[in-house]
Amino acid sequence: MKILIIGSGGREHAIGKKILKDNPSVQLYFATGNGGTAQIGTNISANTVTELVQFAEVERIDLTMVGSEALLVEGIVDQFQAKGLKIFGPNQKAAQLEGSKAFAKEFMAKYGVKTAAYKTFTGYYAAKDYLAECPYPTVIKADGLAAGKGVVICHDQETAEETLKEIMKDKIFGDSGNTVVIEEFLEGKEASILSYFNGKEIIPFISAKDHKKIGEGETGLNTGGMGVIAPNPYVTDEVNYAFIEDILNPTLKGLLEEDLIFSGVIFFGLMITDKGVYSLEYNLRMGDPETQAVLPLMESNLLEITEKALNQESLSVKWKPQHSCCVVMVSGGYPMNYDKGFEISGLNNVDTDYYIAGAKLIDGKQITSGGRVINVVGYGDTLEEARKVAYDNVKKIRFDFKYYREDIGL
């Protein structure tokens, strides 16, 4: 069986490793992949929808899985399906739930999904006027895709006005900032819940907790994610019940009523507050780095449950009764300017799972090529054990200007 995984980060390396572990005879292709995926499959240079469709046809790919939000929004699933190619992910219509924050908020409001109060603006001056009267802190979101960086928490009017100007006038996120959502700030603990949608029901995975800020104690700039633990200790039975009742069930009702039917992933970003559990956002693909912490705890065969979802069959997922802790090692300077091109050493001494996120395999050596470089995942019967395994192994890995947070999971 030939499988194409689209993306080039730690998430794609983790998906590939999990599939291969459960199904050793599978042949993996990655577009465009990285230095880690090159060791478990074949990296290809195709990156446009046209090139990817062509490759899948010529190579007779049996299944394609998509990690790129931009390609989903562009309609890669529709174009693959038009050629009779099997692909796991949302069609272009459903991908708007991730591609447009305004679309997602309107969907939530319409179907009673519990979410923060908000207003949407297409004009800069109307939005600026609103900033003079809204409560602070407030949250400003660029409507479109912004590589995980389009959400800014503003603690005062001056910061909010500067942020609004950068997004809507200076276009720091390009056309993604043509529309903004300004919403109520929610205080609490975040949770991530990945799930599979088979076109009829949503099957949630175990919970995870992402650490988004660059600095210890959740300080500094937002990043794509500095580490993850699973399961999330804040997702109690009570929280899980509230998530199902107030978020998952109304989301399912909306998907079915709006004919947003597909086989793929729904990632729920949640905020657990004193006033209940709220939906922050939807992603329509596996989270990164949540995938790296969640998939290794899955006892079920990922390929088998993916096939079931594609066939609109009922599925259940079994989990190991363990904890995982994923620590992300980054290039110094990330998420701003950073240098790359440094050799990574010590990987042969690592005795737990690791996933390459931003490195290329050159002459048999892993060379840094991105901001987030390596994800190291530890496991244990307790979170403390998982943390110890992760950090013991992080210390074995060396590259120039490496940086990581030491408080993931604390």
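Start at the second largest pocket, with a volume of about 360 Å³. This is a predicted model: local features need pLDDT of at least 70, side-chain atom pairs count only at pLDDT 80 or more, and totals for chains, interfaces and linings use all residues. Residues are numbered from 1 along each chain as its sequence is written, and side-chain values use heavy atoms, with hydrogens and water left out.

**Stop 1: the pocket**

Select Lys149, Val151, Val152, Leu221 and Asn222. Of the 15 residues lining the second largest pocket, these are the closest to its centre. Now colour strand S8 (151-154), helix H8 (157-168) and strand S13 (219-222), the elements that each give two or more residues to the lining. The lining divides into nine nonpolar, three polar and three charged residues.

Some terms for the tour. A pocket is an open set of points on a 1 Å grid over the protein atoms alone, with protein on both sides within 12 Å along at least five of seven lines; a cavity is a set where a 1.4 Å probe fits but cannot get out; lining residues have an atom within 4 Å of a point. Grid points are joined across faces, edges and corners, and a volume is the space filled by probe spheres set on them. Helices (H or I, at least four residues) and strands (E, at least two) are DSSP runs, numbered from the N terminus. Ala, Val, Leu, Ile, Met, Phe, Trp, Tyr, Cys and Pro count as nonpolar, Asp, Glu, Lys and Arg as charged, and the others, Gly among them, as polar.

**Stop 2: H7 and H8**

Show Tyr124, Ala127, Lys128 and Leu131 of H7. They make the contact (heavy atoms within 4.5 Å) with H8 residues including Gln157, Ala160 and Leu164.

**Stop 3: H5 and H6**

Move to helix H5 (residues 92-99) and helix H6 (residues 101-111). They pack at an angle of about 95°, with axes 6 Å apart. That makes H5 roughly perpendicular to H6. Select Lys93, Gln96, Leu97 and Gly99 on H5, then Lys101, Phe103, Ala104 and Phe107 on H6, to see the contact. By class, four are nonpolar, two polar and two charged.

**Stop 4: the cavity**

How many cavities of 30 Å³ or more does the structure hold? One. About 90 Å³ of space lies in the largest cavity. Select Val66, Phe88, Val265, Arg285 and Met286, which lie nearest its centre among 14 lining residues. Helix H1 (10-22), strand S4 (63-66) and strand S15 (264-273) each give two or more residues to the lining. The lining has nine nonpolar, three polar and two charged residues.

**Stop 5: the backbone**

Most residues other than glycine have a negative phi, and most peptide bonds are trans. Go to Ala31 and Thr32: the peptide bond between them is cis, with omega near 5°. Thr32 sits in strand S2 (residues 27-32). Next, Ala230 to Pro231 is also a cis bond, with omega near -10°. Pro231 is in the loop between strand S14 (227-230) and helix H9 (237-257). Finish at Asp259, in the loop between H9 and S15. Its phi is near 60°, a positive value in a residue other than glycine.

Technical notes:
Axes are lines fitted to C-alpha atoms, for helices over the stretch in contact, and angles run from 0 to 180 degrees between N-to-C directions. Angles under 35 degrees count as roughly parallel, over 145 as roughly antiparallel, 65 to 115 as roughly perpendicular and the rest as oblique.
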